[in-house]
Amino acid sequence: MADSKEKLFSDFPAVTTQEWMDKIMVDLKGADYEKKLVWKTNEGFKVKPFYRREDLEGLKTTEGLPGQYPYIRGNKKDDNTWFVRQDIRVDNPAEANAKALDLLNKGIDSLGFHIKAKDLNADYIRTLLKDICCECVELNFKTCQRHTVELAKLLTEYFKEKGYNPEKLQGSLDFDPISRMMKKGKNVSGLIANAKELVEVMAPYPKFRCIAVNSLALNNAGAYIYQELGYALAWGNEYLSRLTEAGVSADLAAKKIKFNFGISSNYFMEIAKFRAARMLWADIVNEYHPACQCACQMAVHAETSSFNLTLFDAHVNLLRTQTEAMSAAIAGVDSITVTPFDKAYETPNDFSERIARNQQLLLKEESHLNRIVDPAAGSYYIENLTVSIAKQAWDLFLQTEEAGGMVKAVLDSSVQNAVNSSNRARHEAVSKRKEILLGTNQYPNFNETAGEKAPLEHACCCGHGDEAGEFATLNTDRAASEFEALRLETEHSGKRPKAFMLTIGNLAMRQARAQFSCNFLACAGYEVIDNLGFPTVEEGIEAAMKANADIVVLCSSDDEYAEYAIPAFKALNGRAMFIVAGAPACMDELKAAGIENFIHVRCNVLETLKEYNKKLLS
C-alpha cells in the first residue's frame, strides 16, 4: 500500500514556481500582479499570494527544536499546555476568595488578583488565598506600583507560613512603572529602582516572575504588531539592563521578567509575532552572557485585544476573541486571558465570564490545541511572516535603543506619539472600511438598539483620579468608538431617519446598490427600506413619500443614472434628502443639476454619515 501511494504521487510532475506565476498571470488577464495579489502589511513589508519550499531556504527559524535556544518553537518540549487565566478585581477579599474557589472548579488554573494597595496586610492575604492550593494554580497579582514590594513580602511570608515548596509556586507580580507612565503621563521612572529589592524578595521562587512588560497597553491603543513587539523588546531590555547594573545577575534578572502581550485579530501575523518574540528576546538576553541558556526563555502571557471590541452586535466579539485565542495557543504562549465579549459596555457578568473561560476550554478539550508543540513550524507562509515581523520589530528595537532606551522614549513621548499615530490611522481605515469591523462599519444589525448600553470607561485600580500628565499618554479609543458615538447620537435624538431605496433599471446593479446603501446607512442607525423595483422614478418617489422617508436613495446602474437621476431629483423636489448610490461618469452633470449626495466604495463612511446626521437630526 505504501508503495502504491508513492507511485501515485510520483505520477504527478513537479510544478515550478514559474509555472504557477505563468498561470496566475493568465488568470489576471493583464491586471497588475503587485496591485491585485501582493498585500502590503501595516508593518511595512509585502506578503506574497503564495509561498513554496524554496521560500524556506536560508531561514534560520526552521533549524531549532521545541525547548531549544532560541526558543522560536516554544519553551515546551512535550506538549502545548497553557494556563487558562481569569482576573478578579478585589473589592472584598472574602468575596474574591469565594469567587476564586468557584472558578477553580470551572476549568480555570490561573488567577489574577487586582488588589487595592490601601487594603494590604497579612490578614488580607490570608483571607484572599484561604483554601487555595497555591502549588496547584498559577497566581498573579497586581497593585499600586509603589506597594508591589510590600505585596511581595506579604506573599512570601504567607507562602512560608503555609510551608509551600518554592519550586512549585508559579505566578507573577505586575511591577511595571513604564506602563503606568504611558497610561498616566507621569514620570514615575524612579520607581524602577525598587525592581532590585523586588527581585531579591522573589529570588527563592524560581517560577514566580515579578517584573512585567505590559505591551498589552500598546495593543489596546491600536499599535501595529511590529510596534508592540519592537517596543516590548526595548521595554524588557530597559528593565534587564537596570537590574544588571544594580548588581542582579543576568540569569536572575531575565528569569524574573514576564511579557504580557495583547492579541489582535490578524490571525497568522499574531502566530508569527509570538514566535518572533521568543527568538528576539533570547538573542537579547544571550548578549548579557547568562550562566544558563534557560534564562533566555521568554515567559509570555497573552490577552485578547479590547481595541476591536464593539458595543453593537457585541456577540461578534466572541468570534474575534476566539480566533485571537487560537493564534496565541498555536504560537505556544504560557497563559491566556480571553476578554469577555461585553467588556466594552459593562462590567463582565457571570455569563460573559463563563463564555470567555469556555472559549479556551474548547480549544483545549475539543480542539486539542494543547497537545501539539508549534504546529505552525515549517509553514512556508508563517515562517516567512515570522522572519519579516522579526526584522521590522528588531529595527524598531534598535532605533529605540540608539535614541536612549525605552524610558527616554516614553519621557519624550516618541512611543506614545508613534502608537497614537497608528491609532489614528486605524480609525481612518475603519472610517473608510479599509479595516472591517463586522456589525459596526459593515453589515450592521439593522434593527439593533443600544438601549441602556453605553461605552464603559475603566477607572484606575489604585483609585487615583485622572490628572494632567507631564507628557503624552496612550489613546485607547476603540476602533469602533466613533461609529458607536454616531449611532448612539441617532438613537438618543429620538428621531430615527428612514432611508428608502428607489430601485430601478438593471436588476443586478439595482440590487447590489441597494444592499450596499442599506449597509452604509444602517451604520448610523437609520431605518432602511429596500424594494424590489419601480417601473418609473415618479412611482418610486410617490412610494417613498407614502413611507415618510427622510432619505431617498436612487439605486441603478451607472449608465442609467444619466436617465433616472435628474428626473427623480426633480420629482422629489426637496421633500427628503436625495442620494445617488455610486460614482457614475455623469456625476459632474448631476452635481450641476443640484444633486449633492453620492455614496460609493471610495467614500469615508464615517464622515459622510456625520454630515447626514447634522442635516437630519437638527
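At what angle do helix α10 (residues 225-245) and α15 pack, and how many Å apart are their axes?

## α10 against α15

The two helices pack at about 45 degrees, with their axes 8 Å apart. Axes here are lines fitted to C-alpha atoms, over the stretch in contact for helices, and angles run from 0 to 180 degrees between N-to-C directions. This is a predicted model: local features need pLDDT of at least 70, side-chain atom pairs count only at pLDDT 80 or more, and totals for chains, interfaces and linings use all residues. Residues are numbered from 1 along each chain as its sequence is written, and side-chain values use heavy atoms, with hydrogens and water left out.

α10 and α15 are therefore oblique to each other. Angles under 35 degrees count as roughly parallel, over 145 as roughly antiparallel, 65 to 115 as roughly perpendicular and the rest as oblique. The crossing is right-handed, meaning that the near helix is turned clockwise from the far one by less than a right angle. From α10, I225, Y226, Q227, L229, G230, Y231, L233, A234 and N237 meet I389, Q392, A393, L396, F397, T400 and E401 of α15. Contact means heavy atoms within 4.5 Å. The residues of this contact divide into 10 nonpolar, five polar and one charged. Ala, Val, Leu, Ile, Met, Phe, Trp, Tyr, Cys and Pro count as nonpolar, Asp, Glu, Lys and Arg as charged, and the others, Gly among them, as polar.

## α12 against α15

Helix α12 (residues 267-286) also meets α15 (residues 380-402). Their axes come within 8 Å and cross at roughly 55 degrees. This crossing is right-handed. α12 contributes residues including F268, M269, I271 and A272, and α15 contributes residues including Y381, I382, W394 and F397. The contact holds 16 nonpolar residues, one polar and three charged.

## Aromatic pairs

The count comes to 18 aromatic pairs. Rings of Phe, Tyr and Trp (its six-membered ring) pair if their centres lie within 6.5 Å; planes under 30 degrees apart count as stacked, over 60 as edge-to-face and the rest as tilted. F261 and F274 have ring centres 5.7 Å apart and planes at 90 degrees, so they are edge-to-face. F261 sits in strand β8 (residues 257-263) and F274 in α12, so the pair ties together parts 13 residues apart in sequence.

F261 is buried at 0% relative accessible area (buried is under 20%, exposed over 50%, partly exposed in between; 1.4 Å probe, protein chains only). F274 is buried too, at 1%. Ring pairs also link Y158, F159, Y164, Y205 and F208 into a cluster.

Note on methods:
Helices (H or I, at least four residues) and strands (E, at least two) are DSSP runs, numbered from the N terminus.
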